[in-house]
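Colleague: I am new to this structure and would like a close look at a single part. Please go through the salt bridges and their surroundings, and say where the model should be read with care.

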Amino acid sequence: MEPRKTTIFEGEQAEKLAAKGLKNYETYKCPVCNWIVADRKLTGFKISNFCENCGQALETEITKE
């Protein structure tokens, strides 16, 4: 499965961060359990081959956009 591109905080938590003027960084999460599966590198994102939380196999061909 392909990881879901989103932000670290979502929904009400994201709104609270925005109200305080804090940045909410983009990341990739597991489509099954919502665990963060990406590490941000200088050259883009590094995605694990699988979710460390639930074991879901992940598509890893995602690069910096």
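**Salt bridges, one by one**

Modeller: E12 and K16 are separated by about one helical turn, because the two residues stand four apart in helix 1. Their side chains form a salt bridge, with 3.7 Å between the closest N and O atoms. Both ends of this pair are exposed: E12 is, and K16 is as well. Please keep in mind that this is a predicted model.

The protein contains four strands and one helix, and read from the N terminus the order is β-α-β-β-β. The chain has 65 residues, and 26% of them count as buried. Its accessible surface is about 4,800 Å², with 50% of that belonging to carbon and sulfur atoms. Over the whole structure, a search finds four salt bridges.

The part to look at closely is a network of salt bridges that links R4, E10 and K29. One of its bridges joins the side chains of R4 and E10, with an N to O distance of 3.0 Å. R4 has a relative accessible area of 31%, so this residue is partly exposed. E10 is also partly exposed, because its relative accessible area is 29%, which falls between the limits of 20% and 50%.

E10 also forms a salt bridge with K29, and here the closest N and O atoms are 2.9 Å apart. K29 belongs to strand 2, whereas E10 sits in the loop between strand 1 (4-7) and helix 1, so the bridge ties together parts that lie 19 residues apart in sequence.

Is K29 buried or exposed? K29 has a relative accessibility of 5%, which is under the 20% limit, so K29 counts as buried. This lysine is found in strand 2, which covers residues 26-29. Besides the bridge to E10, the K29 side chain has a polar atom that lies 3.0 Å from the backbone oxygen of I8. Leaving aside residues up to four places away in sequence, K29 touches P3, R4, T6, T7, I8, E10, N34, W35, I36 and V37.

E52 lies in the segment after strand 4 (44-47), and E52 is exposed because its relative accessible area is 63%.

Last, the reading with care. The mean pLDDT of the protein is 85, and 89% of the residues reach at least 70. Among the elements, helix 1 (residues 11-19) has the highest confidence, at 92, while strand 3 (residues 38-41) has the lowest, with a mean of 75.

Key. Residues numbered from 1 in each chain as written. Predicted model: local features only at pLDDT ≥ 70, side-chain atom pairs only at ≥ 80, totals over all residues. Heavy atoms only, no water. Polar contact = N/O pair within 3.5 Å; in protein donor to acceptor, adjacent residues only side chain to side chain. Contact = heavy atoms within 4.5 Å. Buried < 20%, exposed > 50% of the residue type's maximum accessible area, 1.4 Å probe, protein only. Areas by Shrake-Rupley, 256 points an atom, 1.4 Å probe, with all protein chains shown as cover. pLDDT = per-residue confidence, 0-100.
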